[in-house]
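Me: I am new to this structure and would like to understand the terms used for it. Could we go through them one at a time?

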Amino acid sequence: MGCRVILDEVRRRGASVVACMLVTMAVGGCGGGHRPSDQQLITQALHSYLRAQASGEGQAACALLSVGAQQQLIGLVVKAAKGLITTRPSCQDAVGLVRAVAGARLLSALENARIEQIRVSGAHATAEVLDGTQFQPQQAILEKAGTTWKIAGVPGVGG
């Protein structure tokens with residue numbers, strides 16, 4: 001029952017119902033706000049990262065990566081450039097470079113990837129990232145930082 005319905009009911013029935021209604025409010029909460037599960041937060045973090053990566057939003061993508069994962073991504077870009085990059089790029093620039101060389105099909109695959117088989121162990125987690133067409137299933141490694149999950153191992157790069 002929503003808070004408005006509960007308050008209307010208390011007004012209608014009087015004070016004898018107040019104790020019961022307060023228990024209902026305390027157990028059920030008001031405003032519909034519940035804390036998302038770790039699985040939901042992990043799925044959200046991975047989808048947000050993949051969408052940001054696909055659209056070239058470097059700041060958003062890098063904010064979802066741990067410092068180590070940012071370095072992994074930069075290293076992957078430098079290695080893939082085979083000497084064409086003379087200066088080590090920032091994480092944001094690395095995201096832009098990936099987008100620049102990825103084809104439309106791969107970018108679409110990143111945006112539409114599924115997250116499955118999430119396993120949480122304390123402040124660490126793994127999840128499978130797959131789309132079924134453009135790339136093999138990849139394992140993402142995540143670490144909890146406060147109340148949020150950060151990607152600690154970029155899918156396809158390792159942990």
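Me: What makes the 4 strands an open sheet, and in which order do they come?

Reply: The model is predicted, so local features need pLDDT of at least 70 and side-chain atom pairs count only at pLDDT 80 or more, while totals for chains, interfaces and linings use all residues. Residues are numbered from 1 along each chain as its sequence is written, and side-chain values use heavy atoms, with hydrogens and water left out. The order is β1-β2-β3-β4 with antiparallel pairing, and the edge strands β1 (114-121) and β4 (148-153) each pair on one side only. Strands are DSSP runs of E with at least two residues, and helices are runs of H or I with at least four, numbered from the N terminus.

Me: How do you know that β1 and β2 pair?

Reply: Two strands pair if DSSP finds at least two bridges between them; β1 and β2 (residues 124-130) have 6 bridges in the antiparallel sense, and Arg 114 stands opposite Leu 130 in β2.

Me: Which residues of helix α7 are called buried?

Reply: Buried means under 20% relative accessible area, exposed over 50% and partly exposed in between, with a 1.4 Å probe and protein chains only. In α7 (residues 104-111), Leu 107, Ala 109 and Leu 110 are buried.

Me: Why are they said to be on the same side of α7?

Reply: They cover an arc of only 160° around the axis, which puts them on the same side of α7; the arc is that of the directions from the helix axis to the C-beta atoms. The face turned away from this buried side carries the exposed residues Ala 104 and Arg 105.
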